[in-house]
Amino acid sequence: TVDLQRVVARKHGIVERFRNYGTKRLQGTSNLELVFGVARFVDARSIDVQLRDGGRRRLTAPKIVINTGARPSQPPIPGLAEVPALDSTSIMELTQLPRRLVVLGGGFIGLEFAQMFRRFGAEVTVLEGAPRLALRDDPDVGEALRKVLTDDGLQIECDAKVERVDGRAGNARQCHRREGKEHTVRCSHLLVAVGRRPNTEDLNLAAAGVNVDRGGYVTVDDTLQTSSAGIFAVGDVKGGPAFTHISYDDFRILRDRWLANVDARLGERLVPTTVFTDPQLASVGLNETAARDRGLAFRVAKIGMNGVARALEMDESRGFIKVIVEERSDRILGCTVFGIEGGEIMAMLQIAMMGKLPYTALKEAIFAHPTLAEGLNNVFLALDG
């Protein structure tokens, strides 16, 4: 059994510890004022703030950074607005285990929560509109991920087009079409995990001359400047990869440009991703499909995690390491690691890519035994000869 009240209390404690640490660092920084409130642009140099403690305040500056993030979105499915539904925030406040959870969306967020609540003991069904999981990855990745999740007892239905939702709290149902036939799934709880939307509609961006795209995301150039000179946007609000580490790298660009007089730009930065299923699915750079679409000459090195001694010892040998190597230079173009601590293994390959090392540097390296890193000795053996 799982004591969800203790789970939620632990989550609250970790979040508050991070938040309090960040707040104290800001408050202790010289020449920095932290203001709590809701802000709207008055013009390209001024914002009006409705203060949290009451009253208003006008702030002006030659440079303004928009970093308002994004929030879960709700698709226009008939009946969904009338049914109590969870999102990626509210599901983390549940103190009683769902009897049967249906997850709309088989992306990163949906799969992480789906597997977690299945392991807590709930019956879980995932409805994914795409023809397979991990659509941006190679087909073998999506199939391996599906097998792991179904082995855990999840019901995964891909190519499922949800047409309507009805019912009430504790007894809702989703009607979806798959392979031309209508199917109905009942649940006690419904998680909607089909994307996010930017927090831009209340900023009065038009008054500042800041353009947004059709999805409401702020448009920026490769220096993160918006359509209005002196106004910049960072993080999820500008679209693109919605990861904390990308938001932090956006900060580095502005820091270097403004404080170090360095011509930092978005450019072709490496964007690592990790899906925190168990085992993890991590990737960086090009996968096999992308390399082929670009017409590159490459080789594929692949090893199952059952060929990594440490994975066998830890009794989690599902998945594989897959690396794309440029034919001419022997440099690593990208990798996908689906396995225990996949994000950590991927990071080692990313460092090699940053250093422009040939794959042989890892193949012949001495890694401590028994560690997961030893898999980097063996994965490249297939390229010999």
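1. Quick terms first: helices (H or I, at least four residues) and strands (E, at least two) are DSSP runs, numbered from the N terminus. With that, H3 is followed by Gly153, whose phi is positive, near 100°.

2. Mind that this is a predicted model, where local features need pLDDT of at least 70, side-chain atom pairs count only at pLDDT 80 or more, and totals for chains, interfaces and linings use all residues. Residues are numbered from 1 along each chain as its sequence is written, and side-chain values use heavy atoms, with hydrogens and water left out.

3. Back to H3: this helix covers residues 139–151, 13 residues in total, and spans 18 Å from first C-alpha to last, close to the 18 Å expected at 1.5 Å a residue (the expected span being 1.5 Å times one less than the number of residues).

4. Which residues of H3 are buried? They are Val141, Gly142, Ala144, Leu145, Val148 and Leu149, where buried means under 20% relative accessible area, exposed over 50% and partly exposed in between (1.4 Å probe, protein chains only). Seen down the axis of H3, these buried residues fall within an arc of 165°, so they line one face of the helix; the arc is that of the directions from the helix axis to the C-beta atoms.

5. Over at helix H1 (residues 4–27), we find Gly22. Gly22 is partly exposed, at a relative accessible area of 29%. Gly22 and Ala207 sit 185 residues apart in sequence and 31 Å apart in space, C-alpha to C-alpha.
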